[in-house]
Structures are given as C-alpha cells and as structure tokens.
Amino acid sequence: MPQPPFLVDELQIEPGSGDTLTISRDSTDGAMALVDAVVSVLLPDLVGLRNVTGVYIVGRAGDGSPYTSIQDAIDAVPASSSASAPSLVMVMPGLYTENLTIQKDGVYLVGVGGVTITNNGASDTVEISAAIASTPQDVLLRGLTIQNTRTDTRSRVHSI
C-alpha cells in the first residue's frame, strides 16, 4: 500500500552516522538542495546534465575533494569524453586563481554555490582551444563567475 505524502522542511539521512545528508529548500530561491559534509548541490545547477561518464570534484585544500585545482581536474578528464558521454567537473564554492585551458570535448564545468575563477597573471582566464588530437565541440560552463583582471581593454567579469 502506498504511503501518503507528508510535508517536512528538511530531511536528514543517517544523522546518527556522522555523515549526514540533508535534503531541503534553498533559502534564497526555494531550489532543492542536497548538502553533506563536503558537497552542497542545488538541483537546478545540474539540470540538463545527462549521460555523464565521470565526475571530478574540485574544492579548496582541506575540503576533502580529490582536486584542489580546476585545471588538474580538467586534465584528468579522459580523451574519450564527448558530447554523448561528457565528463562533469564540479567546482565547490570559493575563489580559484588560475588560467584554464580546455582542449577536450565533452567537458562540463559546473560551479556549485559561489564559484569565481580569476586569471593568474596576464593570460586569459578561460581558453577553449583545439589540441593536436582533439577539438572541443561541446563544452558547458555553468554556475561560474569568470573574472579577467588584465589591464588592457579585454578586462571583464562574466557570470555564467
């Protein structure tokens, strides 16, 4: 017999284990949020992502994330990544000062929470370009603020 629906403000899964997963609504826009000790994800950030073959999580040092550099996670994406079998690079909240070069197809770079990427030096912040063996045909950037601090006329801040 099916259980009738019930209304709750927050649902905690395994609170006694010390690794509680909380499902609730985001206080700013009402979006569904999943939160655990390492990752906080708003479901709208992941809308439209399908057939993902690999997930690479980037966080600040000490967060427990496998990668502390976005470029290191991008470099770990296999050459077999493609539009039909993309790889997801999830970036946890924070300011990341680095220059990114994406030379693989099927890289989905998604910021979870407040993510700002600013360039390191005089180079562009994000470059999508062909490599010897591949040309990126399908790259997704979502939930990111990309800041270029160059002093020439190309300095801009973009939120994606």
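I started with contacts (heavy atoms within 4.5 Å). Among the chain's contacts with a separation of 6 or more, 49% join residues 24 or more positions apart.

I noted what I was looking at: a predicted model, where local features need pLDDT of at least 70, side-chain atom pairs count only at pLDDT 80 or more, and totals for chains, interfaces and linings use all residues. Residues are numbered from 1 along each chain as its sequence is written, and side-chain values use heavy atoms, with hydrogens and water left out.

Next I looked up the elements and found 1 helix and 14 strands in the chain. Both are DSSP runs numbered from the N terminus: helices are H or I with at least four residues, strands are E with at least two.

Then I checked the sheet. I found an open one of 4 strands, in the order S5-S6-S9-S12, with parallel pairing. Strands S5 (54–58) and S12 (139–142) are its edges, each pairing on one side only. Two strands pair if DSSP finds at least two bridges between them. From one strand to the next, the twist averages 15 degrees (axes are lines fitted to C-alpha atoms, and angles run from 0 to 180 degrees between N-to-C directions).

I zoomed in on strand S9 (residues 107–111), which runs parallel to S12 and is joined to it by 4 bridges. Val107 has Val139 in S12 as its bridge partner.

Last stop: Thr145, which sits in strand S13 (residues 145–147). Why is Thr145 partly exposed? Because its relative accessibility is 22%, and partly exposed lies between buried (under 20% relative accessible area) and exposed (over 50%), using a 1.4 Å probe and protein chains only. I also looked up Gly111: from Thr145 it is 34 residues away in sequence and 8.6 Å away in space, C-alpha to C-alpha.
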